[in-house]
Amino acid sequence: MTTMTDIPTQSKRFVKAQSYPWPFDGDLRPENTALLVIDMQHDFCSAGGFIDRLGLPTGSTHACIEPIKRVLEAMRAGGYHIIHTREGHRRDAADLPATKAWRAKRGGAPIGSTPGPRGMALTRGEPGWQIVPELAPLAHEPVIDKPGKGAFYATDLDAILRLHGIDNLVFTGVTTDVCVHTTLREANDRGYECLLLEDCCAAINPKSHDMAVWQVKTGAIFGAATHSADLLEAIA
Ligand code: TIU
């Protein structure tokens, strides 16, 4: 990481955000900044997937595909790092905690058995586990397969970020209050500078989304939050 004094004032760049202009040190460059697209899989965003089989709505998670696509295209064009994540379990279920298996089965969307319209829920290789085609990763973009909510737990995400000198993380994806928040909190504790794009993430319950965004916007505890338009303006 650079220190504040390393960056000449004239080359500092900030995104308008709450509760402070982001990143804290103004060191916003394609080389040290990654877009994280979290769990934009059919299981969370589409009919017949995990969330739908639990009897929960997917309207809000589906609706953030388009805003994420705009940011993805702009950051690809700008040469920023792009990293995708997928939540899912090994087909042999060796990485599936009994607690999670029990809860999913109880909710009506068993993991690793009893296929639904998009195959077995949250199971690697199944149709529901695939990333939605609008946001399909390019061949050179790392995809982090994660068994948990947080993208740092039991993955090589931290190693990849450090190998590439990435300090700043822009958060998009689903769901705001579960996997996005868990990953943002994990990243914050590891010293990464986090920006949440509030129109590029969604929760099952809009009130829970609002509170999760509020937590990031208020008090500068985990980082900052903004709308994608402000990020796009800053990197244009
Ligand atoms: N990706 C993610 O957020 N996993 C979840 O289980 N989310 C729920 O909202 N349940």
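**View 1. The residues around the ligand.** Welcome to the ligand site, where D39, F44, I51, E87, K149, V174, T175, V178 and C179 surround the ligand, each with a heavy atom within 4 Å of it. This is a predicted model, in which local features need pLDDT of at least 70 and side-chain atom pairs count only at pLDDT 80 or more, while totals for chains, interfaces and linings use all residues. Residues are numbered from 1 along each chain as its sequence is written, and side-chain values use heavy atoms, leaving out hydrogens and water.

View 2. Look here for pairs of N or O atoms within 3.5 Å. T175 has a side-chain N or O atom 2.9 Å from an oxygen atom of the ligand.

**View 3. The largest nonpolar core.** This core holds 38 residues; a nonpolar core is a set of buried (under 20% relative accessible area, 1.4 Å probe, protein chains only) Ala, Val, Leu, Ile, Met, Phe, Trp, Tyr and Cys residues joined through side-chain atoms within 4.5 Å. W22, L35, M40, F50, M75, L135 and L231 have the most contacts inside it. Among the elements supplying at least two residues each are β1 (33-38), α4 (65-77) and α9 (228-235), with helices of at least four residues and strands of at least two taken from DSSP runs. The largest share, 5 residues, comes from α4.

Note on methods: Buried < 20%, exposed > 50% of the residue type's maximum accessible area, 1.4 Å probe, protein only. Polar contact = N/O pair within 3.5 Å; in protein donor to acceptor, adjacent residues only side chain to side chain.
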